[in-house]
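Student: I have a model open and would like to talk it through with you. Could we take it one piece at a time?

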Amino acid sequence: MIEIVGLAKKFSVENPKKLSEQERKDPRLKGRFFHSVIDVSLTCQQGEVLGLLGPNGAGKTTTLRMLSTALKPDSGSITINGTDVLVNPVMARKKIGFLSGSTGLYGRLSGRENIEYFAKLHGMTPAQIKQKIEALAELLDMHTFLDRRSENFSTGMKQKVAIARAVVHDPEVVILDEPTTGLDIMATQTVLRFIRGLKEQGTPVIFSTHHLDEVSELCDRVAVIDQGLSKFDGELNAFTQLADGSLHQAFLTSINTERQ
Amino acid sequence: MWLVFFKEIKELLRDRKTLFFMIALPILIFPLIFGGMAYFTAQAFEKAESKVLKYALVNDQYAPELTNDLAASDKFERVDIANSADYTALINSDTVDFVMVLPENYSADILQSGQLTITLHLNDAGLNMVRNRVNSLVQKYADAYQTSAFSELGVTSVQQDALLTPIVLEQISTADQRESWGEKIGGMLPYLLFILCFQGAMFPATDIGAGEKERGTLETLLISPIDRTKIVLGKFLTIACAGATTALITVVSMAVWGLVLSRGFAMQFVADFMSQIGIIDFVLMFLMLIPLVAIFAAVLLSISIYARSFKEAQSYMGPLVIFVIIPVMVALMPGVELKGGWAWVPLTNVALAMKELVKGTMDYFQLIAIFGSTALIAALLLGFCVYWFKQEKVLFR
């Protein structure tokens, strides 16, 4: 299970004059610091899929980057299956599989080499790697292109390899940052099918998205962030009941309510 | 660390663009530059030599023999002009290539007439052989007049030599062949090595840092269970290796093509020169190159990580070449030696040391100091690079 409590992160602003009009009006800008995430808390149990919602610039990506150890939070705590991510980031990284919509591949390596590289970084043995890639190729139907250079892959092929790369080390938790943004319908389906597969295996998944149909289709829980603050964290049922079953309305309601 | 290193090298070797700049260019560029220059120069000279020159003569009545010689030659074509003509206008309008004005005192008896001055009007800005070609006709008469004047005065041949050149200043250099040629060639070697090392390191550096950001692979790498220091070191080694390889290939290609092109007339000289520079000196030169390449790699990697895209990285690196060229240019200047303050100027001291090594006049103790100080700078820069790579504001700009 994943538990995030009171997460906060600020970035120093090099040159306040360069900010856009909208950014300057943001109440999170205080002096030379932009408080991107102020107070975010959420939990996700074993086998649950959590949808992270929020407008653009709400702090979703920053939150997920802190969760994946790419960024260090200023305060708050993150625990994954009992491991404190902040105390032991390298240990935590072995438990996490991370993928975003903009994740790329090394174009001059083949699909297989891309996956192998990260598997080796995770300390897997050659035999383990071979076996795991075989299984993933079967699962994601990658046999036809796995040994070609990835620079010529279609978006769908790239996303399949990226998924395989993200889960090659059998992570205990999978984090996806807008995994379907910019993908075509086929590639989106691949991602959604993959999330469903993880859910069946009992692996908790946290993913941020702007597509509410994905939320209703896959999620057990919903968390809403706006202007760096948690606005909602609970079961999907509780979320829909905010506004008579309409997800869009529920989303707007949750943002407009004062903090619980 | 080695995992990162080998993967980067593998990727590098699969990139045609990088390979072209690292290997093909240094191998092909020297024969192209040297051969091309030799070819075009020879062509231009041949053209100037064989071109039929249009000329005009003024006062030709004073020197009928010379006038006849000019008229007889099929390389000259006479154009008649008025005595009061404007020579500059005629030459600018290409009516004539040159105007030759003979003196009124022209005579075979120079003891009576005194020195004869023939004036040539021509546009001397471009490559031309007018003076040489006219001189080859005139010299014959000059020699004949001189000889007859000397014999008329009754001057012996010994006296003639003494009269023509009363004192001869003979110069014997105590520097051996290696030192004098080392001074000339030794300055150019670091210049080429520095630039090529830098260039060779630049392309992989852009790819490895900014390229990774642009393709969206950096984030995944950062959350892999590997220490960020190891990622930096792996990348750093790749860039350094690429730079050193480029330099090495260049030097080897330079040596090989130098031998091939100089076959015939100067091969013995080149071979002698090379054999005088000991293996140890060559090894020392490459040792000096190691901290240098490390400096380049650390700086380039820092820039590359900072940049958001390929384009941004390249625009930062471009002007940096100046900072590599200037210290080497300083070392090429006459009077700058590996003494006093210059021995402490980074990059310049390495260039000077390489020159000394080629010349064979190196003070080996000084080499330790230079190597040490350069290595120290490299270590500091690498330290900065590692620190830089851990900054969130750099990675997630």
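**Helix packing and chain contacts**

Tutor: Helix H3 (residues 64-72) of chain B packs with helix H6 (residues 130-153) of chain B at an angle of about 150 degrees, their axes lying 11 Å apart. Helices are DSSP runs of H or I with at least four residues, numbered from the N terminus, while axes are lines fitted to C-alpha atoms over the stretch in contact, with angles running from 0 to 180 degrees between N-to-C directions. This is a predicted model, in which local features need pLDDT of at least 70 and side-chain atom pairs count only at pLDDT 80 or more, whereas totals for chains, interfaces and linings use all residues. Residues are numbered from 1 along each chain as its sequence is written, and chains are lettered from A and ligands numbered from 1 in the order in which they are written.

Student: Are H3(B) and H6(B) roughly parallel or roughly antiparallel, then?

Tutor: They are roughly antiparallel to each other because of that angle, as angles over 145 degrees count as roughly antiparallel and those under 35 as roughly parallel.

Student: Which residues make the contact?

Tutor: Leu66(B), Asp69(B) and Leu70(B) of H3(B) meet Leu137(B), Val138(B) and Tyr141(B) of H6(B), where contact requires C-beta atoms, placed from the backbone, to lie within 7 Å. By class, that contact has five nonpolar, no polar and one charged residues; Ala, Val, Leu, Ile, Met, Phe, Trp, Tyr, Cys and Pro count as nonpolar, Asp, Glu, Lys and Arg as charged, and the others, Gly among them, as polar.

Student: Switching to chain A, at what angle do H4(A) and H6(A) pack?

Tutor: Helix H4 (residues 111-121) and helix H6 (residues 155-167) of chain A pack at about 20 degrees, with axes 8 Å apart, and are therefore roughly parallel to each other. On the H4(A) side the contact uses Gly111(A), Asn114(A), Ile115(A) and Phe118(A), which meet Val161(A), Ala164(A) and Arg165(A) in H6(A). The classes there are four nonpolar, two polar and one charged.

Student: And how many residues are in contact between the two chains?

Tutor: Chain B places 18 residues in contact with 23 residues of chain A. Helices H1 (2-13), H11 (218-222) and H18 (392-395) of chain B each supply at least two residues of the side that touches chain A, and that side of chain B divides into six nonpolar, four polar and eight charged residues.

Student: Last one: how is chain B divided into domains?

Tutor: Domain 1 covers 2-33 + 176-395 and domain 2 covers 52-164, with bounds from an automatic or database domain assignment. Their centres, taken over C-alpha atoms, are separated by 57 Å.

Notes. Parallel < 35°, antiparallel > 145°, perpendicular 65-115°, else oblique.
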